[in-house]
Structure formats: structure tokens, C-alpha cells
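Biologist: Could you take a close look at the aromatic rings for me, and walk me through their partners?

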Amino acid sequence: MDISSARSLAGPPIPLGAGAAGRRSSSFHLLLRQRRHLRANFRCSVDATKPAAVASEAEAAAGRRECFGVFCTTYDLKADDKTKSWKKLVNIAVSGAAGMISNHLLFKLASGEVFGPDQPIALKLLGSERSFQALEGVAMELEDSLYPLLREVSIGIDPYEVFEDVDWALLIGAKPRGPGMERAALLDINGQIFADQGKALNAVASPNVKVMVVGNPCNTNALICLKNAPNIPAKNFHALTRLDENRAKCQLALKAGVFYDKVSNVTIWGNHSTTQVPDFLNAKIDGRPAKEVIQDTKWLEEEFTKTVQTRGGVLIQKWGRSSAASTAVSIVDSIRSLVTPTPEGDWFSSGVYTTGNPYGIAEDIVFSMPCRSKGDGDYELVSKVEMDDFLWERIKKSEAELLAEKKCVAHLTGEGDAFCDLPGDTMLPGEK
């Protein structure tokens, strides 16, 4: 294997069509992006008749790079052999890519489960200096899985490098709240991460990039991110509340004695915290209002609501770890809800920017609300929903929490000095 520096590489790889029979000439390159000032690309040409070249000690010391170039194989095909069915490559950035959620998510993305069986993708994985070796391991596992739709993988620790030209940014990496840490401190620490990532997206990502914020507190982190990315439409930013919706659907199905595919029109309103509002008023079970099917109002208002709000914490107590797998599934569900048309009459939940909303919710925050999509990556808010005093009172409580969080991160959103006066009775899902 001959290894040589290749800073000016050929264009993106041409996928191999199903009927291609021509000779392949494989060339591999790895894009390991570590720092903006330290950028190394390698091309590896495979020739079984030549001995492998030994990397210099300097190269080895610069990060122990390995060539994961199978993701960037180019093929010598005649024009008429090139597939006509595959779509333009979609670039997807994932932060916290060496973590447990990503360990489940990346393979779903690579398999075609998310964007479809004819959509090639490139994965751009963002980690830290501490996790860089683990990122290499992630890339190796992806390589060994032989996903035909996964055309490129790059890894790095600089968001300005990793986010370049991305169409989707899935921002998972965040610091968890440690013992004794004040919620205000968590907002500040993670807020700085998402402020930096927002600036990087603004500078180098696709102008219409879709951003899904998973790292908690995800609503306010999404607000910080969008405020630091003024060139990207605010509507393109989402905070993940789909796991809460999925949990609510499960509880309604269990109580009604039906399978969960019979449950629709479930909304999570508000913050991804214990003030979130699972909406049973507008939910339907087998096409009928949930309150007609489940006539136990006390259960709906008390046990159902509390169960959904605290489900994450209960899971941690039972299993000793957070809900990484189901979170990954909910990220998949969220993306698919944006890239496939919403079924007629149904909707889905997502934390989105409130300015211009039809419900009377405070503007200029990120708040989970009911959405519909035509499958083009965009969405519209559902205009007609029922509202009663019970639902509205709880929506206002979650709104108040988010407005307080917004004041606490004003220094990160360009709105002056921060002032923290957070409600003391609310927590992130999973906190004790």
C-alpha cells in the first residue's frame, strides 16, 4: 500500500451501479480533521504486487492515522454504467460521535433506514481530543459493516472542519449534569459548546442545513445555537422531544389495550424537562379522541402525565444507564418525519422556534409543538388544536421555565448580561 499526501483530491466518489461490470480501480483516502491548522488527507492506492510502505515516525506522531478510505473508493466506470437511481450525496455531521447514542444512531444512518435505500450519505463525526482514538474505532466499525450507501466518513475535533458543507447536523455531544452541579452552571457550560457550534455552522455549513439538537438542556441549547447562526433560517433548528412523544404513545396504548400504531396526534408541548406537557386532549386512539377511549380522567391528568415526564429517570434507576438506544430511535423518527410526508390528519412533536406561532406561546424561545411536513425537510405548525384550562396552565409553566433559561444564557445569545432565576422544582428527564 503506497501512502502519499493528497491535499487536492478528486471529486466525490461515484457510486457503483447495480449492473456495472467494468473493471474497478480502487483508491482510498482518509480525512482525519483534527485542528483547523493541522489538516491531513491521505490517499492509499491498493496494489497487491507492491509491498506496503511504512509510515514515517512523524506521521505516526501526528495522530496515529489510519486509512479508512474504503468510504471514498472511486470506480473507473463508463458513463453508461453509472447508476441513474442513486441521489446526490447527503452530508451528515454528528457531534458526540463516540458516545452511546451515536453508537446506535450511526449504523441506522448508514443502513439507509433514515434517508432511504437509494440515498448515499457521508458521515462527518465530531469528537474531542480525549475521544479522538474512540472516533477512529467508530470509523473502523463502520468500515467493517460494508454499508453500500455509506460513501464517506471523516472524523475530527474542529467544528469548522467537520461541519463544512453539511446538510444535516445532529448535535448530540454535551456535558451531563454532575453531582452538585447547579442547573445554571450546566446551561452555561453546554451553552458555550452550542454557541461555538452555531458559529461554525453559520460559517461553513450548507445555507439550508437542518440542525437537530439532542444535547441537554436541548431546547435552550437549540436557541443558543440558532442565535449564533444568523445566516441559517431559525426554522431549521430543532430540539429533540420525539422520545417524549414516543413514551406518551406507549403509555396511552398500554392503558387502552391496543398496539401503539393505533395511537396518533400526540403532542409534547414545551421544554424537554419535567415541565413537558404530554397532550392527551388532542391525542387519538384508533381514530377516536383518547379521552373517549380512556375515560379515567384522573389517570390521564396525574399518572400518565407524571409517567411520561419522569420516564427517563425511572429507566436510569432500573438499568443504571441512560436511554441511549431509544434516544437514537427517536432521532431517526424525527428526521424521517421531516423527510417523508406526514400522514393525513396526523402530526409529530419537535422543539422549534416559536416566533410567529398560532397558539399564543411566548416568542423567541424553542418550544415543542405539533408539526406537519411535506417530506421536504421543512415543516409547518398545526394550526387547529384543542386547548382547555388544564393543558394551557401546564403549557404556561413550561413556557415560564424556558423564559427563565433564556435569561440565564443571555450572554451567549447576544442579549446582554445573564440573570439566572430558575424554577427550583423542575429537572431534566433522568435527574433525581
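Modeller: Happy to! K235 lies over the face of Y379, at 5.0 Å from the ring centre; a charge counts as over a ring if NZ of Lys or CZ of Arg is within 6 Å of the ring centre and within 35 degrees of the ring normal. Bear in mind that this is a predicted model, where local features need pLDDT of at least 70, side-chain atom pairs need 80 or more, and totals for chains, interfaces and linings use all residues. Residues are numbered from 1 along each chain as its sequence is written, and side-chain values use heavy atoms, leaving out hydrogens and water.

Now to rings with rings: the structure holds 7 aromatic pairs (Phe, Tyr or six-membered Trp rings with centres within 6.5 Å; planes under 30 degrees apart are stacked, over 60 edge-to-face, the rest tilted). One of them is edge-to-face, because the rings of W269 and Y359 have centres 5.1 Å apart and planes at 85°. W269 is buried at 0% relative accessible area (buried is under 20%, exposed over 50%, partly exposed in between; 1.4 Å probe, protein chains only), and Y359 is buried at 11%.

F280 and F390 form a tilted pair, with centres 5.8 Å apart and planes at 45°. F280 sits in the loop between β12 and β13 and F390 in helix α11, so this pair ties together parts 110 residues apart in sequence. F280 is buried at 5%, and F390 counts as buried at 18%. Ring pairs also link F280, W299, F304 and F390 into a cluster. F390 has a charge over its ring too: the charged end of R394, 3.6 Å from the centre.

Technical notes:
Helices (H or I, at least four residues) and strands (E, at least two) are DSSP runs, numbered from the N terminus.
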